[in-house]
Amino acid sequence: MTLVSLWFGLIAVVWTGFFVLEGFDFGVGMLHGVIGKDEPGRRAAINTIGPLWDGNEVWLITAGAAMFAAFPGWYATMFSGLYLALVVLLAALIARGISFEYRGKRDSATWRRSWDGMLTGGSLVAPLLIGVGLGDLLHGLPINGAGEYTGTFWNLLQPYGLFTGVTLVTICVTHGATFIALKTTGQVRDRGLRVARRSAPVTGLLVLGFVIWTHAIAGKGVAPNPVEIVAVLAVFAAAWLAHEHREGWAFAATTIAMAASIASIFTELYPRVMVSSTSPAFDLTIHNTASGSYSLKVMTIVVAIFLPVVLAYTAWTYYVFRRRLSDADFRPQLAETGAADPAGISPTAGGA
């Protein structure tokens, strides 16, 4: 394997890692009002990701930085073509982030509902837009012979990209529901399992349509690749496991489904990085967009040294904050103060 192919694989792994980790964060953000029902329940749901969400978002920054360093031609075309969509994405991520910090700053139900709406909306818009962007890479965008994007914002909203975004949103919902069930007890856990049971069949049908469409667009034969088959099987397995109240295995299944869905885009895309709808001759590939060999060698050494450290630290974080939560954990404090804690996230859950 050449360094160019290695770095394409690493970028695919980082994007996959982002959606696996941030995917359940998005799901919790979308579902915290539905599963939480009341303020203690909503705080229990939010606190399941309190110590984790900001660290998980770093994977998105890492993905962009890796593309910039390893494939500057890919980065330049993609980020210039998707510029307006990226601005909206940043706005959604900012609104989502500050909602964690500000929802408990005032003892007002209206105030908290406003920030809860921003949390829900930001958590929905972010995976939708990223999914549209990843789908556009494979479907094709108007790119000329100089590697420049020649379309408009509306060229990004083609059917396959939109379907990819919707599919990733539904996977995030099921992924988030199984995570809430895994990290909580009592009624919040039961409602998380209920949402997982109801959403998983719908998610499974969308993932099935997604992998069929993805394989058809790629034009790489009739038989689907194993990654795409795993994505479909994992979602339906999650539905059965949630029905059996085996939330740990259900969360593992949604993790596999998310990882396989993202990986299927990159496996079908390789060795291209962006398909040109103008002409196949203008496709951006790993070879015509890559950095020089010396740069790739240096970056590979850096990754080999620091990636294990990052993975070990991430694993340690999840181990430290492994305790299950319950809405009962927050009722005594609310009874005493009449409001949420200043940050809206309980210190007992590791929130900031």
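User: At what angle do helix α1 and α11 pack, and how far apart are their axes?
Analyst: Helix α1 (residues 3-36) packs against α11 at about 25°, and the axes are 11 Å apart. Axes here are lines fitted to C-alpha atoms, for helices over the stretch in contact, with angles from 0 to 180 degrees between N-to-C directions. That makes α1 roughly parallel to α11 (under 35 degrees counts as roughly parallel). Helices are DSSP runs of H or I, at least four residues, numbered from the N terminus.
User: What should I know about the model itself?
Analyst: It's a predicted model, where local features need pLDDT of at least 70 and side-chain atom pairs need 80 or more, while totals for chains, interfaces and linings use all residues. Residues are numbered from 1 along each chain, and side-chain values use heavy atoms, leaving out hydrogens and water.
User: OK, charges. How many salt bridges does a search of the whole structure find?
Analyst: The count is 12, a salt bridge being a side-chain nitrogen of Lys or Arg within 4 Å of a carboxyl oxygen of Asp or Glu.
User: Which residues are linked in a network of salt bridges?
Analyst: Glu 39, Arg 42, Arg 103, Asp 107, Arg 112 and Asp 116. Within that set, Arg 103 and Asp 116 meet at 2.8 Å, N to O. That pair links distant parts of the chain: Arg 103 is in the loop between α5 (83-102) and α6 (109-139), and Asp 116 is in helix α6, 13 residues apart.
User: Are Arg 103 and Asp 116 buried or exposed?
Analyst: Arg 103 is buried, at 1% relative accessibility, and Asp 116 is buried too, at 9%. The cut-offs are under 20% relative accessible area for buried, over 50% for exposed and partly exposed in between, with a 1.4 Å probe and protein chains only.
User: And what about Glu 39 and Arg 42, how far apart are they in helix α2?
Analyst: They sit 3 residues apart in α2 (residues 39-47), so about one helical turn separates them.
User: Switching topic: where is Val 298, and is it buried or partly exposed?
Analyst: Val 298 is in helix α11 (residues 293-320) and counts as partly exposed, with a relative accessible area of 37%.

How values were computed
Helices (H or I, at least four residues) and strands (E, at least two) are DSSP runs, numbered from the N terminus. Angles under 35 degrees count as roughly parallel, over 145 as roughly antiparallel, 65 to 115 as roughly perpendicular and the rest as oblique.
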